[in-house]
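Hello,

Here is the structure I promised to pass on to you. Please open it alongside this email, and my notes on what turned up follow below.

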2 protein chains.
Amino acid sequence: MTQPVVCTSVAEMREVLETRVAQGVTSVGLFPTMGALHDGHLRIAQTAREENQLVVVSVFVNPLQFGPNEDFDSYPRQLEQDVAGLSASGVDIVFAPSTEEMYPGGVPVVSVTSGQAGSVLEGATRPGHFDGALTVVNKLFTIIQPGPGVEFRAYFGEKDAQQLLLMQRMVRDFNHRVQIRPVPIVRSEQGLALSSRNQYLTTDDAAHALVLNHTLRSLAAGELTLDQARGRIDAEPSVKLDYLVTVDPDTLAEIQPRAGALALAAAWVGPTRLIDNMKI
Amino acid sequence: MTQPVVCTSVAEMREVLETRVAQGVTSVGLFPTMGALHDGHLRIAQTAREENQLVVVSVFVNPLQFGPNEDFDSYPRQLEQDVAGLSASGVDIVFAPSTEEMYPGGVPVVSVTSGQAGSVLEGATRPGHFDGALTVVNKLFTIIQPGPGVEFRAYFGEKDAQQLLLMQRMVRDFNHRVQIRPVPIVRSEQGLALSSRNQYLTTDDAAHALVLNHTLRSLAAGELTLDQARGRIDAEPSVKLDYLVTVDPDTLAEIQPRAGALALAAAWVGPTRLIDNMKI
């Protein structure tokens with residue numbers, strides 16, 4: 001088990017990548033993260049490890065994807081611990097740039113927008129969130145692009161379903177030479193979808209939060225209507241439903257529950273906002 | 001003089017490019033155009049020819065950068081004639097994709113935006129124009145990117161000053177591996193800045209349009225104040241001034257005329273909108 005190379009500048013990242021490609025690497029996997037890595041992240045890193053000769057994990061808390069009232073300042077930052085976990089997963093390179101390195105001079109003048117598709121569901125309660133996420137991942141794709149002749153894959157969890165769809169659209173709309181690899185949701189033994197924000201939950205709230213998974217399972221099994229499922233989530237102590245909808249997984253348009261649809265849920269559990277989803 | 005290779009699909013474009021890079025090409029020049037090429041374009045193509053081993057000229061009338069009341073439908077399309085001109089300029093590859101090839105399924109979901117900087121000056125009278133231009137050029141940069149180890153340069157005329165600045169910002173903000181090469185304005189013998197739209201001008205209007213160049217020269221020479229210059233343009237028969245301002249060439253912020261500033265003018269000449277600019 002060797003330590004990953006930690007690159008903090010774009011130039012250094014490109015230099016290390018080019019050296020490895022010149023040495024004969026023919027596949028590169030990128031897993032973009034905001035750090036605070038948990039087992040869910042590490043399993044994605046391991047998937048990337050299995051599928052690629054060279055694995056890059058980016059660790060960057062991207063200010064553009066946080067709203068003014070969100071937790072940018074308090075978002076956990078623990079690079080040393082993250083690098084240790086990634087080392088155990090066999091990751092080759094950790095790209096951990098500063099905010100100034102990614103956005104020299106401040107907010108970019110030219111950026112990425114997802115328009116209407118980024119303003120519904122999660123986008124409705126988090127204005128600008130997807131545009132911020134797309135803007136930074138677009139940069140990562142351009143920075144880490146290994147060039148013609150090298151397979152380039154990027155890994156995104158299915159937990160952030162809307163993000164995954166928009167990333168796939170960006171690749172198509174921008175002609176990025178990268179293949180998006182969706183990775184299934186990782187859950188705790190009890191069923192809670194793993195998230196960096198779970199660490200904000202009290203023991204009681206973590207137990208209440210399980211209603212999301214349980215309800216999605218009942219909905220997927222056809223045991224509840226959408227309205228019943230909504231009622232069940234809202235009836236849970238400490239839990240306030242934001243939305244529960246079923247959508248076409250290709251377009252995110254709302255449809256009635258049916259086989260192949262994707263059920264998406266978001267709820268506040270105490271002061272913490274959680275999301276989950278499940279295929280029907 | 002050999003005929004350029006004409007590529008109409010992204011896959012074909014990339015294949016031809018990769019073959020040439022594999023054969024040892026170490027510099028690629030891209031000149032994005034909407035076709036209807038005139039001598040001004042051909043001189044830019046020749047500049048790219050002098051500076052690069054491989055020259056790609058894209059010919060694509062980009063619907064996204066035309067407003068609903070602009071001349072998308074009537075914009076001149078003359079690929080055969082354009083290819084002949086580019087052949088004489090020694091261009092290697094003409095990339096001439098269809099609208100469906102560039103925007104499969106219609107308007108992209110994810111696109112590029114220039115926000116405030118794209119909504120002033122030309123952007124004020126052409127809402128969405130710069131976002132459309134950036135969106136297509138972003139795709140061209142990604143499609144034609146030759147990869148690490150190959151110099152990649154893109155050529156833009158200084159005539160479209162705001163476009164040039166925004167392209168430079170996009171390269172910086174998106175980490176594109178391309179060097180923007182600004183090319184000075186080419187003018188007719190009388191001084192009219194060359195434009196595809198000049199062919200819409202009657203002989204009389206072409207004569208009236210010279211007031212733009214003459215006035216910018218007088219302004220640059222300090223012979224007129226900004227207000228006097230505006231008055232002179234508006235006094236010309238058939239000419240209606242849209243704006244005449246002096247700006248900081250790095251930020252496009254309006255400043256008073258001074259050495260180093262850039263004077264930007266836009267005017268309707270008969271039914272045709274023309275722009276011009278000059279360094280002071």
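In chain B, β2(B), helix α2 (residues 39–51) and β3(B) make a right-handed β-α-β unit. Helices here are DSSP runs of H or I with at least four residues, strands are runs of E with at least two, and both are numbered from the N terminus. Right-handed means that, with the strands pointing away from the viewer, the path from the first strand over the helix to the second runs clockwise.

Before going further, a word on the source: this is a predicted model, in which local features need pLDDT of at least 70 and side-chain atom pairs count only at pLDDT 80 or more, while totals for chains, interfaces and linings use all residues. Residues are numbered from 1 along each chain as its sequence is written, chains are lettered from A and ligands numbered from 1 in the order in which they are written, and side-chain values use heavy atoms, with hydrogens and water left out.

Back to β2(B), which covers residues 27–33. The strand is mostly covered, with seven of its seven residues buried (buried means under 20% relative accessible area, exposed over 50% and partly exposed in between, with a 1.4 Å probe and protein chains only). B:Ser27, B:Gly29, B:Phe31 and B:Thr33 point one way from the strand, while B:Val28, B:Leu30 and B:Pro32 point the other way.

Which strands does β2(B) run parallel to? One is β3(B) (residues 54–59), joined to β2(B) by six bridges; another is β6(B) (residues 151–157), joined by four. Strands count as paired if DSSP finds at least two bridges between them. To find the places on screen, look for B:Val28 with its bridge partner B:Leu54 in β3(B), and for B:Ser27 with B:Glu151 in β6(B).

Further along chain B, β9(B) (residues 262–269) has seven of its eight residues buried, so the strand is largely enclosed by the rest of the structure. Eight bridges join β9(B) to β8(B), and these two run antiparallel; B:Val247 has B:Leu262 as its bridge partner there. Eight bridges also join β9(B) to β10(B) (residues 272–279), again antiparallel, with B:Val269 standing opposite B:Thr272. β9(B) and β10(B) form a hairpin with two residues between them, and B:Gly270 in the turn has a positive phi of about 60°.

A:Ser238 is in the loop between α9 (226–235) and β8 (239–247) of chain A, and B:Ser238 is in the loop between α9 (226–235) and β8 (239–247) of chain B. Both are partly exposed, A:Ser238 at a relative accessible area of 41% and B:Ser238 at 42%.

Now the rings. How many aromatic pairs does the structure hold over all chains? There are eight, where rings of Phe, Tyr and Trp (its six-membered ring) pair if their centres lie within 6.5 Å, and planes under 30 degrees apart count as stacked, over 60 as edge-to-face and the rest as tilted. One of them is A:Phe66 with A:Tyr75, an edge-to-face pair at 5.6 Å centre to centre with 75° between the planes, and both residues are buried. Another is B:Phe60 with B:Tyr103: their centres are 6.0 Å apart and their planes at 50°, so the pair is tilted. B:Phe60 lies in the loop between β3 and α3 (79–88) of chain B and B:Tyr103 in the loop between α4 (99–102) and β5 (111–113), so the pair ties together parts that are 43 residues apart in sequence.

A:Phe66, A:Phe72 and A:Tyr75 form one aromatic cluster. A:Arg77 lies over the face of A:Phe72, at 4.8 Å from the ring centre, and B:Arg77 lies over the face of B:Phe72, also at 4.8 Å. The rule here is that NZ of Lys or CZ of Arg is within 6 Å of the ring centre and within 35 degrees of the ring normal.

Finally, the cysteines: the count of disulfides over all chains is zero, taking a disulfide as a pair of cysteine sulfur atoms within 2.5 Å. A:Cys7 is buried at 0% relative accessibility, and B:Cys7 is buried at 0% as well.

Best wishes
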